[in-house]
Amino acid sequence: MSETTTTTEAAAVTTTAETTHAHQSPAEPSAELRALAPLVGAWKVTGGVEGTVRYEWLAGGFFLVQHVDLVQSGEPVTGLEVIGNLRPYGEPTSPDVASRYYDSQGNTFDYVYELTGDQLTIWAGAKGSPAYFRGTFTADGTTMTGDWVYPGGGGYTSTMTRI
């Protein structure tokens, strides 16, 4: 292969990567993600689990991060969840607001978030899953109460109160 061919191929690869990268940069976070702004802040959680969670925007506003410090079934659990629209390199932004949760027990869980009006639904796995949380914010946005529903029965009621 000649040096000219190598240089031309390298330029084509660079141009393709730059074009793909430019295509990757939306002007702003999606409306569906921005709709989750009422979650931002610290919350006391009661019900089937007890403790606190805190939501904050990652710089740029394309991701919402949840910090978890809970006790569930008598076991302490700390965790981190990153919430946003998926955008794998070279692909368009996903329409759903997805998340991945990591905890101190070695678990990883995937969710899809959807806020319509004052009702938040968090689907376990994919949207439409039989396992989900559905909660409603009070008019002043200081409390959200809802239920975690698991397939085959089970689940629990949970309340988050802004602190």
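Burial is expressed here through relative accessible area, a residue being buried under 20%, exposed over 50% and partly exposed in between, with a 1.4 Å probe and protein chains only. The structure is a predicted model, in which local features need a pLDDT of at least 70 and side-chain atom pairs count only at pLDDT 80 or more, while totals for chains, interfaces and linings use all residues. Residues are numbered from 1 along each chain as its sequence is written, and side-chain values use heavy atoms, with hydrogens and water left out.

The predictor's confidence in each residue, given as pLDDT on a scale from 0 to 100, has a mean of 88 over the chain, and 84% of the residues reach 70 or more. Residues 1-22 stay under 50 in pLDDT, and for this segment the model has 6 contacts beyond four places in sequence, a contact being heavy atoms within 4.5 Å.

The chain contains 2 helices and 10 strands, where helices (H or I, at least four residues) and strands (E, at least two) are DSSP runs numbered from the N terminus. Along the sequence these elements follow the pattern α-α-β-β-β-β-β-β-β-β-β-β. Of the 163 residues, 31% count as buried, and among contacts between residues at least 6 apart in sequence, 33% join residues at least 24 apart.

When residues up to four places away in sequence are not counted, Tyr55 touches Leu39, Val40, Gly41, Trp43, Leu64, Val65, Gln66, Ile83, Tyr113 and Met160.

On the surface, Leu58, Phe63, Leu80 and Val82 form a nonpolar patch with about 290 Å² of accessible area together, patches of this kind being made of Val, Leu, Ile, Met, Phe, Trp and Tyr residues with over 30% relative accessible area and no salt bridge, joined within 5 Å. Leu58 lies in the loop between strand E2 (49-57) and strand E3 (63-72) and is partly exposed, at a relative accessible area of 44%. Gln72, placed in strand E3, is likewise partly exposed, at 34%, and touches Val49 and Tyr156, not counting residues up to four places away in sequence.

The structure holds 5 salt bridges, each defined by a side-chain nitrogen of Lys or Arg within 4 Å of a carboxyl oxygen of Asp or Glu. In one of them the side chains of Arg34 and Glu28 meet at 3.2 Å, N to O, with Arg34 partly exposed at 41% relative accessibility and Glu28 partly exposed at 49%. Asp96, Glu114 and Lys127 are linked in a network of salt bridges. Lys127 is partly exposed, with a relative accessible area of 41%, as are Asp96 at 28% and Glu114 at 26%.

Methods: Patches are made of residues with over 30% relative accessible area and no salt bridge: like charges are joined within 9 Å, nonpolar side chains (Val, Leu, Ile, Met, Phe, Trp, Tyr) within 5 Å. Accessible areas come from the Shrake-Rupley method with a 1.4 Å probe; for residues, only the protein chains shown count as cover.
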